[in-house]
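Here is a short briefing to read alongside the coordinates. Please keep the viewer open as you go through the points.

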Amino acid sequence: MPSKSFPPVRPTTAELDLLQVLWRLGPSDAKAVHEALLPDRPDATYATVLRQLQVMHGKGLLSRDESQRPQLYAPLHAQDKLQQSLVKDFIAKAFAGSGKALVLAALKSHVSAKERAEIRQLLAQNGDGE
């Protein structure tokens, strides 16, 4: 069951790749995770994926159902909660705690015209638009 608390350890980039797979698939064994990861990381071996899942379990990022074979791994933290925690940490470190600075940086170079229109519409619906 996804936890509401923030993870005690921040996942690495490789761990985030595996978390993305598990959030998409749901509880899965190492073979399923490996197969789902191959299109994005064709160099990943089954042994590496299995070892990384074991490490993530030890770090408190994943649960492991040992009552069956193969063992199933599942994220301990909901995707949105982990993302919010990572963004909060990133804003604090890279933007001196300013969410506005983060948004302005993203709007300058990482948002398409279509996404800008969607953002304006969302702000208008919430009563925050012009």
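The notes below go from the overall fold to single residues.

This is a predicted model, in which local features need pLDDT of at least 70 and side-chain atom pairs count only at pLDDT 80 or more, while totals for chains, interfaces and linings use all residues. Residues are numbered from 1 along each chain as its sequence is written, and side-chain values use heavy atoms, with hydrogens and water left out.

**Overall fold**

- The chain has six helices and two strands; these elements are DSSP runs numbered from the N terminus, with helices being H or I of at least four residues and strands E of at least two.
- Read from the N terminus, the order of elements is α-α-α-β-β-α-α-α.
- With a radius of gyration of 18 Å, well over the 14 Å that the globule rule gives for 130 residues, the chain is more spread out than a compact globule; the radius is taken over C-alpha atoms, and the rule is 2.2 Å times the number of residues to the power 0.38.
- Along the principal axes, the C-alpha atoms fill a box of roughly 55 × 30 × 25 Å.
- Of the 130 residues, 25% count as buried, where buried means under 20% relative accessible area, exposed means over 50% and partly exposed lies in between (1.4 Å probe, protein chains only).
- Among contacts between residues at least 6 apart in sequence, 50% join residues at least 24 apart; a contact here means heavy atoms within 4.5 Å.

**The nonpolar core**

- The largest nonpolar core holds 17 residues, and those with the most contacts inside it are Leu18, Val33, Val49, Leu53 and Leu62.
- Helix H1 (13-25), helix H2 (30-37) and helix H3 (46-59) are the elements that give two or more residues to this core, and H1 gives the most, with five residues.
- Such a core is a set of buried Ala, Val, Leu, Ile, Met, Phe, Trp, Tyr and Cys residues joined through side-chain atoms within 4.5 Å.
- Leaving out residues up to four places away in sequence, valine 49 touches Leu18, Ala30, Val33, His34, Leu37 and Ala44.
- Histidine 34 belongs to helix H2 and is buried, at a relative accessible area of 13%.
- Not counting residues up to four places away in sequence, the partners of histidine 34 are Ala44, Thr45, Tyr46 and Val49.

**Leucine 25 in H1**

- Leucine 25, in helix H1, is partly exposed, with a relative accessible area of 41%.
- Setting aside neighbours within four places in sequence, leucine 25 is in contact with Ala32 and Ala36.
- Between the C-alpha atoms of leucine 25 and leucine 122, which are 97 residues apart along the chain, the separation is 29 Å.

**The hairpin**

- Strand S1 (residues 62-65) and strand S2 (residues 72-75) run antiparallel and are joined by four bridges; two strands pair if DSSP finds at least two bridges between them.
- S1 and S2 form a hairpin with six residues between them, and aspartate 65 stands opposite leucine 72 in S2.
- Proline 70 lies in the loop between S1 and S2, and a cis peptide bond, with omega about -10 degrees, joins arginine 69 to proline 70.
- For context, most peptide bonds are trans, and most residues other than glycine have a negative phi.

**Helix H4 and what follows**

- The 16 residues of helix H4 (residues 79-94) should span 22 Å at 1.5 Å a residue, and the end C-alpha atoms are 22 Å apart, which agrees; the expected span is 1.5 Å times one less than the number of residues.
- Leu82, Ser85 and Ile91 are the buried residues of H4, and they pack against H1 and helix H5 (99-109).
- One aromatic pair is counted, using rings of Phe, Tyr and Trp (its six-membered ring) whose centres lie within 6.5 Å, with planes under 30 degrees apart called stacked, over 60 edge-to-face and the rest tilted.
- That pair is phenylalanine 90 with phenylalanine 95, edge-to-face at 5.5 Å centre to centre and 75 degrees between the planes.
- Phenylalanine 90 counts as partly exposed, at 44% relative accessibility.
- Alanine 96 is found in the loop between H4 and H5, and its phi is positive, near 50 degrees.
- Alanine 96 is also exposed, with a relative accessible area of 75%.
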